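Opening the notebook on this one. I want to go through the sheet, the cores and the chain contacts in turn.

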Amino acid sequence: MSAAFRLEMRRSRSLVLWLAVIALAYGGMLSVFYPVFRDNSKLVDQYLSLFPKEFLAAFGMEGSLSDPGVFFSTYIGGMLWPIVAAVAGIGMATRPTASDLERGFLELPLATPLSRVRYLASAVAGQVAGMAILAAATVAGVVFAGRLVGAPFDVGGFALAGIVAWAFGCAVAAVTTLVAVVTLSRGLAAGVATGTLLAMYLMNALARIQPDLAWLGDLSAFRYFQATPTIDEGRFPWGDFSIFGLVAVTAWALSLWAFRRRDLAA
Amino acid sequence: MMNVVEAEGLTKWYGRRRGILDVDFAVAEGEVFGFLGPNGAGKTTTIRLLLGFLRPSAGHAAVFGLDCWSAAPAAHGRLAYVGSEPGYLGELRAGEQLDYLGALRGLPRGAWRPMVERLELDPTVHIRKLSHGNRQKIGVVQAFMGHEPLLLMDEPTSGLDPLMQREFLALVAEARAAGRTVFLSSHNLPEVERACDRVGIIREGRLVNVSTVGQLLGEHWRSVNLVLEAPPAPGTFDLSNVEVVAITGREVHLMVRGDVNPLLARIASLAVRDVAITTPDIEDIFLRLYSAPATAVPAEATR
């Protein structure tokens, strides 16, 4: 394990640890509450029928919340995970380039025999590992708490959903890495990443509400992050996973290419 | 003797903003080369070009014959660098950051210990809790903890107290004695005067003078103040390299440039009550160069 990768993991430790604790606790708490929804499905459906369909669609509630796939897709896939992925992705993706350049640290490792490509590749490896830890913590929280309250979820389905969530997080981190390398501005990269995710979330909601704007959904990452069939049926969405994987690999490859060639000056 | 650092026509533009223009110089093996200039003159740009952080707009720079841009990692294997405001990771302890940077340079863990003890730096303290001067010490330790044959230093003593500045100069002298080459960018003139063999002066992005410290001092005027027993006869000081500034009765103020022996011979023929010869320090020369219009030094004079 290279010194650069070890340092990357060391620097990500606090961020990943606290986000993992949040994901674990939030996932566990939802698991604890899930039996209430499952055992009172009629009441819950009756309650939700009071809300406009557009409102429910905006929060990704498509189907009955007594269904574990819909329940966890709504509360974790549509709410918790995008936030966790954005915070972790932006933090880990902007730090080794734009942020370290702004604080004057970047020139120190890059004045050693470590090449720019190896330096950034170590940071990318740290992003991959960090996202995997967070996805695993989220799934673990749901599964273990579910066992405790007598809601034995299908571990396989949740594990597959966790893999798609990991790929989604990697795509967020990779695109943010690319923006950070191109702009060398932490604020700008974080703003672009956050704004793009928010815009995609709205585009996905609009596409669900307005059938004639359905094409907007195709442009949104959230359209390809639907965990319901994965959790319920254990069916791995190879197509969606491939899209996230392709975006991530392409953005990271472009980041390495650009970082190798650009001037490094704050 | 081989040239360790070479720059030929080195030019950098940041869009329309001037970085450096057509800079030529060479630093020989074992030499301590001072690079003088005020803020914004182009010192840091030059160092960043030598480190391969910036791609030259024109020209070429090489370290040990390796192109600074295309072969940067290979060149970095033979140099150590410290910046004027070295970055740090506040969440790390000083020793941890030094170990990290040492590992990237292939140094064993704790290679920094002798330097840390010499500079009286506590390696167990989190860097964010250290004063500016102590953070600067981390940069100096980092530069000197290895044995790379080239030291590239960009204003390394800013923030160091006078005792540590003296220690730094001792480290540079030891590096030179060990045959290492030092490129020292600074606007601390006495430091350059004491540490360097040759000095390059950069002004508004152009190298305006490269010479040995001795030449730089010798080529400039010295002030001579005499108090004579009697007023001198007219024409007493008519020499080609002497300028009479003022003669007030028995008090004479002269300026002499280059060889002082003819003037000393004239003075010896007079009855002198007191004499004072003042050598201009490098600061006077620096200011004189800065008050003249900027003209690039010819390339052949930079080697």
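Before I look up any bridge partner, I note that two strands count as paired if DSSP finds at least two bridges between them. I also keep in mind that this is a predicted model.

**Sheet.** I started with chain B, where 4 strands make an open sheet in the order β2-β1-β4-β5, with antiparallel pairing. I checked the edges: β2 (17-28) and β5 (66-67) of chain B each pair on one side only.

**Cores.** Which residues have the most contacts inside the largest nonpolar core? I got L134(A), F168(A), A171(A), V141(B), L152(B) and L184(B), in a core of 145 residues. Helix α7 (residues 155-183) of chain A supplies the largest share of this core, 18 residues. I followed up F168(A): leaving aside neighbours within four places in sequence, its contacts are A85(A), A221(A), F225(A) and F244(A). I also noted a second, separate core of 6 residues, with V224(B), L226(B), V252(B) and L254(B) among them.

**Chain contacts.** I counted 21 residues of chain B in contact with 19 residues of chain A. On the chain B side, the elements giving two or more residues are α2 (72-76) and α3 (94-104). Of these, α3(B) gives the most, with 4 residues. I sorted that side of chain B by residue class and got 12 nonpolar, 4 polar and 5 charged.

Notes. Residues numbered from 1 in each chain as written. Chains lettered and ligands numbered in written order. Predicted model: local features only at pLDDT ≥ 70, side-chain atom pairs only at ≥ 80, totals over all residues. Contact = placed C-beta atoms within 7 Å. Nonpolar A, V, L, I, M, F, W, Y, C, P; charged D, E, K, R; others polar. Core = buried A, V, L, I, M, F, W, Y, C linked by C-beta atoms within 7 Å. Buried ≥ 20, exposed ≤ 12 C-beta atoms within 10 Å, placed from the backbone.
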